[in-house]
Amino acid sequence: MDKADTGWVMVASALVLLMTLPGIALFYAGLVRRKNVVNTMVAVFAVACVVTLTWFGLGYSLAFTAESAWLGNLGRAWFASLHFDGRRSMISVSHLAPHLPEAAYALFQAAFAIITTSLIVGAVVERMRFAALLVFAALWSVVVYAPVAHWVWESGGWLNQLGALDFAGGAVVHVNAGVAALVCAFMMGRRRGYGTEPFEPHSLGWTAMGTALLLFGWFGFNAGSALSADGRAALAFVVTLVAAAAAGLAWMVVEWLVRGAPTLLGLLSGMVGGLVAITPAAGFVQVGSAVWIGLIAGAVCFWGATWLKRRLGADDSLDVFGVHGVGGIAGSILTAVFADPLIAGTGATVMNQLIAVAAVAAYSGAATAGVLVLIRLLMPLRVDAVQEMEGLDISLHLERQH
């Protein structure tokens, strides 16, 4: 085992967890109305707790054991066999990262499962029942996220074998969560007053702090995916910052031209879009290519969060699909366009990337709809009209943000 690599992956795991707690929590809470701030924050924190346990119990084993091209087995359920071997003074290792303790690898992957599920919260805020959200998080993290992670990142997964490239989660995280968010928005229905009342963000300052934490944590997200403290990790670190900067400026300029003014929210959204788009390519492209990926992503995500959102008609409250779904699709395709074979160690084709995006989107959409239908048979998905008008902070949690 390599102590430097182990140390870096543990630090990277903490950085990715920081993206959710408190990064996503602050980012989302700043964008909702004051009467739903507490509910939004408790939703993100509670989903993180739920997915931690489902990952420990089932998700990791189903995602990262070599059973078939479609799904793993239960050999690591409840982290079975992650043990200390007194004869060799070693912790068990995964076949995917034999130079690391498997506990470190499983922790790193847990942080990805947590943030992917938490992203969906942004599509259903201000109207989803809290109990239904918890059940959804538990089922979705096992039924949807784990199989997709297996397809792409497990060495025997069918998309991995196909040759699809996804360095840190363009398809597994962002396309997956983005499409799931869109399905949730359609099935939940629009918020009362949507399109007729101004839904002013509670605090753009909170959203800015959340974005800063996302940017900081994303270095662990992308560079940590090298699973080693080496040159690929350093390159991924650099291109992550470059793409975020380019995309932030691109969104800002496009918005300036279209709407007549640059906004803080536009700049922040563009940076997140650039981070999303560089994710699948981070370990495969040169710095100059990261600039192009960021510029394209900023413009495309602006389109996704404005024109495309209006055309679709779904109340995706915080533009999860427009930024993460569209950015993930764009980044996955651009990975094939800009991947350098000398860096990636392999070639990539646009067709393979399109197959991966289409497969993940189709499965995520259908399985997410199935999960919601099942939950609807057990309990209401949505709060009643009185609770929604009063605000979920008081009606569900008996707390209020002052």
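## Basis

The model is predicted, so local features need pLDDT of at least 70 and side-chain atom pairs count only at pLDDT 80 or more, while totals for chains, interfaces and linings use all residues. Residues are numbered from 1 along each chain as its sequence is written, and side-chain values use heavy atoms, with hydrogens and water left out.

## Overall fold

The chain holds 17 helices and 2 strands; these are DSSP runs, helices being H or I of at least four residues and strands E of at least two, numbered from the N terminus. With a radius of gyration of 20 Å, close to the 21 Å from the globule rule for 402 residues, the chain is as compact as a globular protein of that length. That radius is taken over C-alpha atoms, and the rule is 2.2 Å times the number of residues to the power 0.38. The C-alpha trace spans about 65 × 45 × 35 Å along its principal axes.

Of the 402 residues, 58% are buried, meaning under 20% relative accessible area with a 1.4 Å probe and protein chains only. Contacts are heavy atoms within 4.5 Å. Among those between residues at least 6 apart in sequence, 78% join residues at least 24 apart.

## Nonpolar core

A nonpolar core is a set of buried Ala, Val, Leu, Ile, Met, Phe, Trp, Tyr and Cys residues joined through side-chain atoms within 4.5 Å. The largest one has 125 residues, and Tyr28, Met128, Phe136, Tyr145, Trp153 and Phe221 have the most contacts inside it. Helix H5 (residues 130–153) gives the largest share of this core, 14 residues.

Leaving aside residues up to four places away in sequence, Tyr145 touches Trp55, Phe112, Ala113, Thr116, Trp140, Trp153, Val172 and Asn176.

## Pockets

The largest pocket contains about 900 Å³ of space. Its lining has 40 residues, with Leu265, Ala305, Lys309, Ser317 and Asp319 nearest the centre. Helix H1 supplies the largest share of that lining, 5 residues. By class, the lining comprises 21 nonpolar, 8 polar and 11 charged residues.

The second largest pocket has a volume of about 550 Å³. It is lined by 23 residues, and Trp153, Asn160, Phe167, Ser225 and Leu227 are the closest to its centre. Two or more lining residues come from each of H3 and H5, and H3 has the largest share, 4 residues. This lining has 14 nonpolar, 7 polar and 2 charged residues.

Technical notes:
Buried < 20%, exposed > 50% of the residue type's maximum accessible area, 1.4 Å probe, protein only. 1 Å grid on protein atoms, 1.4 Å probe; cavity = no way out; pocket = protein on both sides within 12 Å on 5 of 7 lines; lining within 4 Å. Points joined across faces, edges and corners; volume = space filled by probe spheres on them. Nonpolar A, V, L, I, M, F, W, Y, C, P; charged D, E, K, R; others polar.
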